[in-house]
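Let's walk through this model together, one question at a time. Have the sequence and the 3D view handy as you read.

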Amino acid sequence: MEKHILIGGEAGAGIAKTTLLISEIFTNAGYYVFNYREYQSLIKGGFNFNVLKISDKPVYSHDNSYDVIFALNQDLIDRHEKDLKDDGFIIGDKNLKGKNMISIDVQAMLEKMGASKKLGNDILIGALAKIIGLPVEPVVKVVKGAFKKKIDLLEESIIEGYNCVEKKMELDNPDGKPKYFITGNEAISMGAIVSGMDMYIAYPITPATPVLHELASKQIEHDFMVVQPENEIAVACSALGASYAGANTMIGTSGAGFSLMAEALSLQGMSEIPLVVYLSQRTGPASGVPTYNSQGDLKFAVNIGHGEFVKVVVAPGDAKECFYRTIEAFHLASKYRVLVMILGDKHVGESNYSFDDFEEPKIKPNRFITEPCEDYKSYLITENGVSPRSVPGQSAVVRATSYEHNEYGHTTEESEEVIKMNDKRLKKFDDLKKEIIGLVPVYLHGQGKKLIVGWGSTKGAIVDALKNLPDFKFLQVSYISPFPAEEVKREIEDSDEVILIENNATGLLGDIIAEQTGKIINKKVLKYDGRPFTSEEIVEKVREAIK
Amino acid sequence: MKAEELNTGEKTTWCPGCTDFGILTSVKQAITNLVNDEKVKRENVVGVSGVGCFDKIYDYLNINFFHALHGRTLPTMFGIKLGNPELNVIGFGGDGSTYAEGMAHVVHSCRYNEDTTFLVFDNQRFSLTTGQATPVTEKGFAGPSTPLGVHEKPINPLVLTLTCGASFVARGFALDIPNLTKLIEAAMMHKGFSFVEILQPCISYNNTIQFLRDHIYKLENHDAGNYDEAMKKALEWNYCQDENSKIPTGIFYETNSPVYEDQWPQLKPWHNVERNPDFRKLLAEFKK
């Protein structure tokens, strides 16, 4: 069973909150819900919508044909009436016009109850619940429970809405166990706290801002700091300062801010100060389409910063992966004194995913800070290239530097020392590669003989599409640097046919695969209109590609 | 402790006779005095530099040190203070890096008023890159990148920092080591953002030694608590080499104002914090 609901209207009409309430009604009853958000770069007016996919089985993506359109303005109907299924319905206020319209006289009902205008959406929620086939009690319970303060006439409004329409649909019974319902950005925030983060530094930018807000709201309770400096250059420089002083530090941004951070991220490479960066991609270049999605920064992340140095890039495919990959990011950054980038995007960051459970993370917080020994060398050359980390304030002088240096951290221009230090830094790649093999750098979904290759937020739509593509399996590449070349190469060689799927215009992972494995994937399904794939689109385009 | 203990033994690569040596001597003496007076702990002193001739001080001072990027001394200092508020952070910048590449940070560090000290080596030139004009170069200077002459008036860093809310503003002279030492000590002891401009003639690209010796005077009977007086004194020299220039040195302004760190009840030396977060409790709010 699957039900698809479109909820939309003008910005400021309470669409996000209404969507969360409806989602929660279903996840509380034990259904799996996926929520896709689309909004414009404005504050009031315009056109925003959310798409819910609801099922009694796990779902990870949305589709564009709807069982119900929950309309808060005429614009939504005008744009999306064509996407309504033949047996679907549009629910909305009586002044809205559309096919299969269930009109509700919201104004009259509010007046009759003497209720505030704000309760209009709750009347419509009640009506939706009845039409789609839910009992009323749990709906009232969930909606009431979602507000901290008691709201007069809330329950009455829901019931009034519920009673004014007829039941139109049947739902399969779910397992009854409430689900976790969480966005990628929320999961990254929680992952950071679980990693023992001390400091999050960021400048506001869509679509990374929700992490800034989420962490800021939790900083006192969980005893860490969230700081918003004057620009992204200051963000990255101050983060390196804080980490040098011993704080477990993460920064977050999107492409435009990431561009400004490039020089400081190169400084990370030379200074070897641990740093975690969350890069949430949006549609570029430049200011692009700022509230929409893209996977266009993959090679930018892998190549960020001038000079050659070790970088780790990990791309989570859903909210659960966001949580665990963030924990890995902190661990690897501290252990190897490297730059670790969590490469997300608007889609994985702002969509809500549902899960039965989260397993206890195997990795525990560790700063990898040691008491300095006598004759401490900040850049001691060791077998695996990792120098013991110490912090200022202890017995030894601790140095960090942007210039090439000797083991003590003093500036050098001598050719032998330049070579030695480059080798030391790059040596870290060897152990990192080994460690990453244990972190599931690639994952094979499905059992077909033909192969889809992708990464990051396309996972949801591809996994959901596999149900209708029985010949196909899906290789999800999660670690982009160090690149699991052997694993990817083997899978490509073992498959009858290979299709690359990416949410960008040129197939960036395809380039990296070619560079790392010598394998060139010619069949590509690419999308670069700022919108993520739906599973229906994947099925259609993959079938077209193999014709 | 003796000041010599702060030597590193690294070979100096400043020009022979560079006035930066005067600043190095003052910094070493100031830190030594404060350590000996038990006002700071040596292990808690952290230097921060950007990139320019001045940055070489990184290699000549045996203290914790972060040698950061061109123009980015200030945000790096800011981060270190947030990472461990017990550290005594002393930053070094040049007039080129500070007022050209990194100007935004100057405005904000003054505004934040974090408890750090910032010394600007001001020779009114980009010397390491062979003597181009900076934002503090005198009007009319014809240099390698500005053969037609600098058209703009120089900015006045003291007026700027006073305007932006710095709680300690001073000017020293690299060749007056005893007074510069006192200024640096006072700056490091001041609670809040301490800005010290150090006039530092470049013997290779802008040798203003004689001009400065002829026009510099020490502030006396000056009320450093009076903002308007400080501003008046700051405006006295326009950074050009006019015959009748009068260049005051000393502490222009010092006031107690809330420091950045005060707003954070949770701020502490983070590296000591033991953490054992309960992931299930944390995720409970998302179970709906």
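Two strands count as paired if DSSP finds at least two bridges between them. Keep in mind that this is a predicted model.

Q: In which direction do E7(A) and strand E14 of chain A run, parallel or antiparallel?
A: Four bridges join E7(A) to strand E14 (residues 352-355) of chain A. One of the paired residues is A:Ile182, whose bridge partner in E14(A) is A:Tyr353. The direction in which E7(A) and E14(A) run is antiparallel.

Q: Which residues lie on the two faces of E7(A), and are they buried or exposed?
A: In a regular strand, side chains alternate between the two faces of the sheet. On one side of E7(A) are A:Tyr180 and A:Ile182, and on the other are A:Phe181 and A:Thr183. Both faces are covered, and these four residues are all buried.

Q: Which residues form the uncovered face of strand E6 of chain A?
A: Strand E6 (residues 101-104) of chain A has a covered face made of A:Ile102 and A:Ile104. Four bridges join E6(A) to strand E5 (residues 84-93) of chain A, and these strands run parallel. Within E6(A), A:Ser103 stands opposite A:Gly92. The uncovered face consists of A:Met101 and A:Ser103.

Q: What is the radius of gyration of chain A, and what does the globule rule give for 547 residues?
A: Chain A comes to 18 helices and 21 strands. For 547 residues the globule rule gives 24 Å, and the value for chain A is close to that, so chain A is as compact as a globular protein of that length. The C-alpha trace of chain A spans about 85 × 55 × 40 Å along its principal axes. The radius of gyration is 25 Å, against 24 Å from the rule.

Q: How many of the residues of chain A, as a percentage, count as buried?
A: A residue is buried if 20 or more other C-beta atoms lie within 10 Å of its own. Applied to the 547 residues of chain A, this cut-off gives 56%.

Q: Which element gives the most to the side of domain 1 of chain A that touches domain 2 of chain A?
A: Chain A is divided into domain 1 (2-178), domain 2 (182-355) and domain 3 (442-545). The C-alpha centres of domain 1 and domain 2 of chain A lie 34 Å apart, and their contact takes twelve residues from domain 1 and eight residues from domain 2. On the domain 1 side, H1 and strand E2 (32-38) of chain A are the elements that give two or more residues. The one that gives the most, with six residues, is E2(A).

Q: Which element supplies the largest share of the side of chain A that touches chain B?
A: The contact takes 60 residues from chain A and 44 residues from chain B. Elements that each supply at least two residues of the chain A side include helix H1 (15-29), helix H8 (209-222) and helix H10 (255-271) of chain A. The residues of that side divide into 33 nonpolar, 17 polar and ten charged. The largest share, ten residues, comes from H9(A).

Q: What is the bridge partner of A:Arg399 in E2(B)?
A: Three bridges join E15(A) to strand E2 (residues 64-67) of chain B, and the two strands run parallel. For A:Arg399, the partner in E2(B) is B:Phe65.

Q: How far apart are the end C-alpha atoms of helix H7 of chain B?
A: Helix H7 (residues 177-189) of chain B has 13 residues, which at 1.5 Å a residue should span 18 Å. Its buried residues, among them B:Leu180, B:Ile184 and B:Met188, pack against elements of chain B including helix H1 (20-36) and strand E4 (117-122).

Q: Is B:Asp122 buried or exposed?
A: B:Asp122 is found in strand E4 of chain B. Its C-alpha atom is separated by 5.8 Å from that of B:Gly94, 28 residues apart along the chain. The residues that B:Asp122 touches include B:Asp95, B:Val136 and B:Glu197. With 26 other C-beta atoms within 10 Å, B:Asp122 is buried.

How values were computed
Residues numbered from 1 in each chain as written. Chains lettered and ligands numbered in written order. Predicted model: local features only at pLDDT ≥ 70, side-chain atom pairs only at ≥ 80, totals over all residues. Contact = placed C-beta atoms within 7 Å. Nonpolar A, V, L, I, M, F, W, Y, C, P; charged D, E, K, R; others polar. Expected span 1.5 Å × (residues − 1). Buried ≥ 20, exposed ≤ 12 C-beta atoms within 10 Å, placed from the backbone. Domains from an automatic or database assignment. Rg over C-alpha atoms; globule rule 2.2 N^0.38 Å. Lists of a residue's contacts leave out its neighbours within four places in sequence.
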